[in-house]
Amino acid sequence: MESAERGEGEMLHYEETEDDNVSPTDLSELLKEGTKESHDRAENTQFVKDFLKGRIKEELFKLATVALYFTYSALEEEMDRNEDNPVFSPLYFPLELHRKEALIKDLQYFYGEDWKEKIQCSEATQQYVDRIHHVGQNQPELLVAHAYTRYMGDLSGGQVLKKVAQRALKLPSTEEGIQFYVFGNISNAQQFKQLYRARMNALDLDKNTKERIVEEANRAFRFNMQVFDELDKIGKSLAEAQDGGLRVHDGKGDLRKCPYYADKLGNAGSSCPYHGAVALAKQPLVQLMLATCIAVLAGAAAWYIL
């Protein structure tokens, strides 16, 4: 079994509990060994490293939640499609695992009841979503790879991220905003993961199919890393915008819907004129200058009227 362990400010690590019943040719073992390198690379993306150290802004966390919503909507749609398909049905646990409804609650918390009008799927997330739909509709045996990569991670390292996010963003103790990480229908995560692995190992798969599943799992990791890199770029953009105390976005609504946001990513010297002007007007020195100008204009107008 996997157990997540992490010290303050350290990377996330996993320890495996020995299972005498596991064979090196079992799918769970092939996935564990075959994705180690990808797992390490994903952990070492800047976004994940900053997240684990508690260096994450609410604006960025909200966009990460949006990416998860679109990803899990696609994954669970394809899982529902294949719930009776023998190549996947033993791993179909909608009550225990499905995350879409939990993510909707998180989006409602961050964006309000009209959250659907305020979000959109990013480019990197869309590529991930497209692959999941392709697999579910054309190669359902590979759906195992995407389910394994996401849900087993959520039940392991995801529980560490939950605590980090709650502390860093000062989220309510009632777990609002982090419902994604709450698996209310799983009483013992380790036992459930053991059951899930046993079900994976019992799938009737030949050697070639197992190898293709491992390859697809590595592909899933790459998609996740692309999303992380995209979020890291947005995070850097936010940091640049906040230099000198100025903000080009107030965290309300979807940052990418600022009409000048895309240009901001491509040109570090540009920013959203509207939000920039509003932020500039909030600076004490600028307010004093504006007040002086208004006073002069008011005096001139009074003189003219008289």
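This is a predicted model: local features need pLDDT of at least 70, side-chain atom pairs count only at pLDDT 80 or more; totals for chains, interfaces and linings use all residues.
Residues are numbered from 1 along each chain as its sequence is written, and side-chain values use heavy atoms, without hydrogens or water. Local features need pLDDT of at least 70 and side-chain atom pairs count only at pLDDT 80 or more, whereas totals for chains, interfaces and linings use all residues.

Two packed helices are described by the angle between their axes and the distance between the axes. The axes of helix α8 (residues 143-155) and helix α10 (residues 189-201) come within 11 Å and cross at roughly 165°. Helices here are DSSP runs (H or I, at least four residues), numbered from the N terminus; axes are lines fitted to C-alpha atoms over the stretch in contact, with angles from 0 to 180 degrees between N-to-C directions. The two helices α8 and α10 are therefore roughly antiparallel (an angle over 145 degrees). Contact (heavy atoms within 4.5 Å) is made by V144, A147, Y148, M152 and L155 of α8 and by A189, F192, K193, Y196 and M200 of α10.

Side chains of opposite charge can pair when their charged atoms come close. The count comes to 14 salt bridges, each a side-chain nitrogen of Lys or Arg within 4 Å of a carboxyl oxygen of Asp or Glu. One of them joins R212 and E141 (2.7 Å, N to O). This pair links distant parts of the chain, with R212 in helix α11 (residues 207-241) and E141 in the loop between α7 (123-138) and α8, 71 residues apart. E141 is buried, at 17% relative accessible area (buried means under 20%, exposed over 50%, partly exposed in between, with a 1.4 Å probe and protein chains only), whereas R212 is partly exposed at 25%.

Technical notes: Angles under 35 degrees count as roughly parallel, over 145 as roughly antiparallel, 65 to 115 as roughly perpendicular and the rest as oblique.
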